[in-house]
Amino acid sequence: MPDNVDASEQMVDNWTKQIQETAARYQAMAARMQGQTVTERSKDNTIEVTIDSKGLLTNLVIAEAASGKRMAEVSSQVMRLVQLAQSRIPELLQAAMAETVGTTDETASRVIAEAQSTFPEAPPEEDVAPPEPERHHRFGPEDEEPPPPAPGTPPQPKPIPRRRRTQDNDDDDFGGSILS
């Protein structure tokens, strides 16, 4: 019987050691990922974004040369670059796992699959610029249109004309001048 107890204790000790080693490797992988950043730049180098390993934007640089672009185009490029940078996170995670934990166990596969679903591949770049906003030009007073009447507004009542006081109606002052 003592052999069975000793073998059980040895087996529990081995499991504990294995779990501690796996936890240390995952902690090393997490520490490695924590310092990772991804930076992407636009083709014309006017916009640069940097994200951390959690996919959060940590830096945004828009060069003065971008001031000639439409704001819709700039914001579209910023969003595209953020998505592109985020799509590289699963690749970084897989590399960090390969160096620390390994990619063969089921947990590693789940972590990588979760990262891929959280940060999917960026959509293909569109060369089509966003449409120009519709603009109306008016040059003279003849082009001005009166504002339309508000719906359901009741007509304004006409002011009631006041009656003039006549000279022979002096009885209204109750007995004379107040200065007397």
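**Helix packing in a predicted model**

Good morning. P90, L93, Q94 and M97 in α3 meet A108, V111, I112, A115 and Q116 in α4, where a contact means heavy atoms within 4.5 Å. Helices here are DSSP runs of H or I with at least four residues, strands are runs of E with at least two, and both are numbered from the N terminus.

A word on the source. This is a predicted model, in which local features need pLDDT of at least 70 and side-chain atom pairs count only at pLDDT 80 or more, while totals for chains, interfaces and linings use all residues. Residues are numbered from 1 along each chain as its sequence is written, and side-chain values use heavy atoms, with hydrogens and water left out.

Let me return to the helix pair. Two packed helices are described by the angle between their axes and the distance between the axes. For α3 and α4 (residues 106-118), the angle is about 165 degrees and the axes are 9 Å apart; axes are lines fitted to C-alpha atoms, for helices over the stretch in contact, and angles run from 0 to 180 degrees between N-to-C directions. This makes α3 roughly antiparallel to α4, a term that applies to angles over 145 degrees.

Next, α4 itself. Which of its residues are buried? They are A108, I112 and A115, buried being under 20% relative accessible area and exposed over 50%, with partly exposed in between (1.4 Å probe, protein chains only). Viewed down the axis of α4, these buried residues fall within an arc of 60 degrees, so they line one face of the helix; the arc is that of the directions from the helix axis to the C-beta atoms. The face turned away from the buried side of α4 carries the exposed residues E106, R110, E114 and S117.

I turn now to α2. In this helix V74, V78, L81, V82, A85 and Q86 are buried. They cover an arc of only 135 degrees around the axis, which puts them on the same side of α2. The buried residues of α2 pack against β1 (37-41), β2 (47-52), β3 (57-62) and α3 (89-100).

Two further residues deserve mention. N45 lies in the loop between β1 and β2. The phi of N45 is near 60 degrees, a positive value in a residue other than glycine, and N45 is exposed, with a relative accessible area of 55%. E121, in the segment after α4, is exposed at 75% relative accessibility. E121 and I89 are 32 residues apart in sequence and 9.9 Å apart in space, C-alpha to C-alpha. Thank you.

Key:
Angles under 35 degrees count as roughly parallel, over 145 as roughly antiparallel, 65 to 115 as roughly perpendicular and the rest as oblique.
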